[in-house]
Amino acid sequence: RRRPAMYIGDTSVKGFHHLVYEVIDNSVDEALAGFCDTIEVTVNKDGSVTVEDNGRGIPVDTHKEMKKSALEVVMTVLHAGGKFDKKSYKVSGGLHGVGVSVVNALSEWLEVYVARDGNLYHQRYERGNAVTPVKVVGKRKTTGTKVVFSPDPEIFGKRKFSFDILAERVRELAFLNKNLKLAITDENTGKAHKFQYKGGIAEFVKYLDEAREPIMNKPIYLEGEREGPRPPQPRGPQPRAELLRGQGRGEPDAGRDPPPRPGRQRLRGEGRRPRLPVGAAEGLRRLRRPPPPRPRRGERGPEAPPRGPQEEGRRERRLDEHEPEPGPREGVRQPR
């Protein structure tokens, strides 16, 4: 709470929405582990946000070292999430175990519901501190976790969540995690979207190139798995590519990006392709050439035409009448 920018980047619009991203990433971790297939995000009328999934649910048993519920440890202690247990998650996202506890600390209030072992557990926090114990509030046959929180106005001021910003993030997660069902609803405006892409990154390529005519009906998509520790790999999604018509050199469409289709949002990275227009390479080569040497005082460059007799005469008369012969300056020590 003293330095929130260390954990969420800033306390402006970006950091304000990053709180929701961290809670969603915890649910995505359950999906990556194979225990969750549905995530629902809701912007409530009172300004709070609800994130619910059908994963295994956060453990509620007593922690051996902390002597308190594991749910309270996860929600209030940094680096206490399952991401630091190599057996819990082989892959994960978010802030690597500090996400949900940071969200709890930067919220005016937060409530968590856990459906696990046939019971529904509940606990409430205010500005990162537990105000109620973990208790059973009902029965539940299914499993999952539900987090409801309201950002603290003392840190973020009076801000409201943008449905478009959250929907863009949810859509990107749906592309990156194929077959995962994600839904987002705004109770203030009535907007709602549901995302599920069976092709994953391949469908993301088609989404970017809706306004173009592809040469291949199916994008190139590479995917693989292996057992044991993964070797170091570059960050980013899986390789994908798609050939398009009208992208040859010198053609009218080369180096241009089509305008977004009306009614859809532009994803992060879309429209920023490092393609140079025709003739740009020659322009760069000209800029890299060293400049010609500057002529000394009283001299002309090699490309300048020679002086005529009239110009030489005018120069000599000007020197004789107005400009004295240059000599050593008074008070300045001359070199030997």
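## A buried glutamate and its salt bridge

E30 counts as buried, at 8% relative accessibility, in a model that is predicted. The side chain of E30 meets that of R56 in a salt bridge, with 2.8 Å from N to O, and R56 itself counts as partly exposed at 31% relative accessibility. The two residues lie 26 residues apart and so join distant parts of the chain, E30 belonging to helix α2 and R56 to the loop between β2 (49-53) and α3 (70-76).

## Other salt bridges

In total, the structure holds 10 salt bridges. One of them pairs D25 with R169, whose closest N and O atoms are 3.5 Å apart; this pair also links distant parts of the chain, since D25 sits in helix α2 (residues 13-32) and R169 in helix α6, 144 residues apart. Both partners are buried, D25 with a relative accessible area of 7% and R169 with a relative accessible area of 19%.

A further salt bridge is formed by R127 and E154, with 3.3 Å between the closest N and O atoms. Here R127 lies in the loop between β4 and β5 (129-130), while E154 lies in helix α5 (residues 153-156), 27 residues apart. R127 is partly exposed, at a relative accessible area of 30%, whereas E154 is exposed, at 60%. These two residues also belong to a network of salt bridges that links R1, R127, D152 and E154.

## Packing of helices α6 and α7

Helix α6 (residues 163-176) packs against helix α7 (residues 201-208) at an angle of about 130 degrees, and their axes are 7 Å apart. The two helices are therefore oblique to each other. On the α6 side the contact is made by R171, F175 and L176, and on the α7 side by I201, E203, F204 and Y207.

## Surroundings of R124

R124 is part of strand β4 (residues 119-126) and is partly exposed, with a relative accessible area of 22%. Although R124 and E111 are 13 residues apart in sequence, their C-alpha atoms are 4.5 Å apart in space. When neighbours within four places in sequence are left aside, the residues in contact with R124 are W109, L110, E111, N129, A130, V131 and T132.

## A nonpolar patch at the surface

M6, Y7 and L78 make a nonpolar surface patch of about 300 Å². Of these residues, M6 is found in helix α1 (residues 5-8) and counts as exposed, at 60% relative accessibility.

Terms used. Residues numbered from 1 in each chain as written. Predicted model: local features only at pLDDT ≥ 70, side-chain atom pairs only at ≥ 80, totals over all residues. Heavy atoms only, no water. Patch = residues over 30% accessible without salt bridge, like charges linked within 9 Å, V, L, I, M, F, W, Y side chains within 5 Å. Areas by Shrake-Rupley, 256 points an atom, 1.4 Å probe, with all protein chains shown as cover. Salt bridge = Lys/Arg side-chain N within 4 Å of Asp/Glu carboxyl O. Helix = DSSP H or I, 4+ residues; strand = E, 2+ residues; numbered from the N terminus. Buried < 20%, exposed > 50% of the residue type's maximum accessible area, 1.4 Å probe, protein only. Axes fitted to C-alpha atoms, helices over the stretch in contact; angles between N-to-C directions. Parallel < 35°, antiparallel > 145°, perpendicular 65-115°, else oblique. Contact = heavy atoms within 4.5 Å.
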